[in-house]
Amino acid sequence: MSYPTYSRGESIIATGRLILALASFAAIYFDPLEPRRFVTATYALLGLYVAYSFVAFVAIVLVARPLEKRERIASHTIDIVFFGTINYLTAGSSSPFFVYFVFTIVCAMLRFGRGGTLLTAAVAGIVFVSSALATHDEPDFEMNRFVIRLAYLAVVTFLMIALAQFHDRVRRDLSRIAEWRRGEWLDRDHLVASLLEEVASIFAATHVALAYDHVGERVAYVASLRDDGFRTVAQSPDVADAILEKSPDAHALRSLPAALRGPAHDLISVPIEGDFIHGRLVLFEDRPALQEDAMLATIAAKMVAGRLDHHYAAEQMQRGAVAEERVRVARDLHDSVLQSLTGASLQISTLPKVISRDPIEFRERISQIADIIMGAQTELRRFIDNLHPERRERPGAVVRVRLRERLAALAQRFWQQWRLTVVTQVEPVVQVLPVELQGEIYALASEIVANAAKHAQAQRVEITIGVDRNDAVIRGRDDGRGFPFHGRFTLDELVATRRGPVTLKDRVTSLKGDMVIDSSDRGSSIELRIPIAALGETA
């Protein structure tokens, strides 16, 4: 996984450095007692540092130029050398510029993590002690101030190392959630075992319990870490009742048998709410549970609910569908639910950069991720409802705006996930088409937008939907980099040369339609023509 080279921490450091440099220059300008020695050298050194801080601020904050690793190390070294020198020139251990040493330790935590923080603290301590020893014979040397400041450096170092460890742990856990394995089709027992093992590995839990209710059936599983790895065992309905009937307070679950929770020191209990299941996920941990663990567990619970919902939806569809229907179902899930879950995964991968700088934004991002997952569940529910003839929506005033509502939601989702502007135009005649046909049109439009976002790196997509004689016509145009091939191609030519978007070709072919793609490095346009009679046959 790759990350952008621009760091928010560097902009914070550059801003703080400039403020400190200006404040230091002002301090010795307005206080004629400081510095007492090497006045000219001190003013010259501070003047150079102010200029250096201003240039770095412009480059990093205003121009947003990313720093390579060697540049960060060089900048950090310059700061330490300057801070040590100015401290020596301005009264050593009693210098008012002692705060610079604290600043370097904070910078090391933002830049290099725990190891860099410890190394910087060691160097800062050596420099500070050396400057104190060089001035200890002077009459204004204060031993009590020296000792207190040395202890202060040690305390700040300890706090920064603890913060770096916390940041590394949260980033590691979030990265593992973002890399959650999708896996192949599994039966329920194997799926639950895979999910619980993944959850346990993310949170380093020795025991994980899952209980949920599905269509009146209560099931429970417990995954335990043993010598040969994790082993998941299905539990009796009594265990499911014990987990589900406890209060939301996690500590109330301590009454579970020790064989289920193991030698746990603490536990986290979060609800699981899906379209097909309602239950609870419980993590038994060897260490005290943190508030951040509970927030991460909430995300993990939504992922588990989504996977189980997907499993039961697919199982239900598999029982009542023929082979051709199953293929169409897979395409629809890919075009809606899986795209949303992929977007949620991308959102999760950005959380490590947010948590260290703004906890409020971190909670807002988690709320956005929850909204995306809930939207995917809503789309899945709508899709499942339309599989049942007795539950399908009938044409009418409400249905006539449904396609536009779904396209508006599609545009909002792709803006949130990809920063892609989607502009849609639906001709009024489309409103009279049956809801099943509008569903096919939506799936085709969704696939066009998804291709532009994922593969063409487009910034804007325009979708126009109308009816031309006996055909439904969907046109899409984007400003991306086009397909790997350039030129104008029909569906037959794309199939013969094995070019073009596979999912879109398969869907158009199954609907007995036609497709024309015009691709260039300045963007691409797609026109789909689907016979309305063919759409009616598939409905």
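Author: Glu440 counts as buried because its relative accessibility is 6%, where buried means under 20% relative accessible area, exposed over 50% and partly exposed in between, computed with a 1.4 Å probe on protein chains only. The model is a predicted one, in which local features need pLDDT of at least 70 and side-chain atom pairs count only at pLDDT 80 or more, while totals for chains, interfaces and linings use all residues. Residues are numbered from 1 along each chain as its sequence is written, and side-chain values use heavy atoms, with hydrogens and water left out.

Glu440 sits in helix α16 (residues 435-454); helices (H or I, at least four residues) and strands (E, at least two) are DSSP runs, numbered from the N terminus. The side chain of Glu440 makes a polar contact with the side chain of Arg507, at 3.4 Å. Such a contact is a pair of N or O atoms within 3.5 Å; within protein, one must be able to donate a hydrogen and the other to accept it, and residues adjacent in sequence count only if both atoms are side-chain atoms.

The loop between α16 and β7 (460-468) contains Gln457. This residue, Gln457, is not a glycine, yet has a positive phi of about 55 degrees. Most residues other than glycine have a negative phi. Beyond strand β7, in the loop between β7 and β8 (471-478), lies Arg469. Phi of Arg469 is also positive, near 60 degrees, in a residue other than glycine. Arg469 is exposed, because its relative accessible area is 79%.

Burial can also be followed along a helix. In helix α7 (residues 237-244), the buried residues are Val239, Ala240, Ile243 and Leu244. Seen down the axis of α7, these fall within an arc of 125 degrees, so they line one face of the helix; the arc is that of the directions from the helix axis to the C-beta atoms. An α-helix has 3.6 residues a turn, so residues three or four places apart point the same way. The face of α7 turned away from the buried side carries the exposed residues Pro237 and Asp238.

Of its 539 residues, 46% are buried. Among contacts (heavy atoms within 4.5 Å) between residues at least 6 apart in sequence, 66% join residues at least 24 apart.
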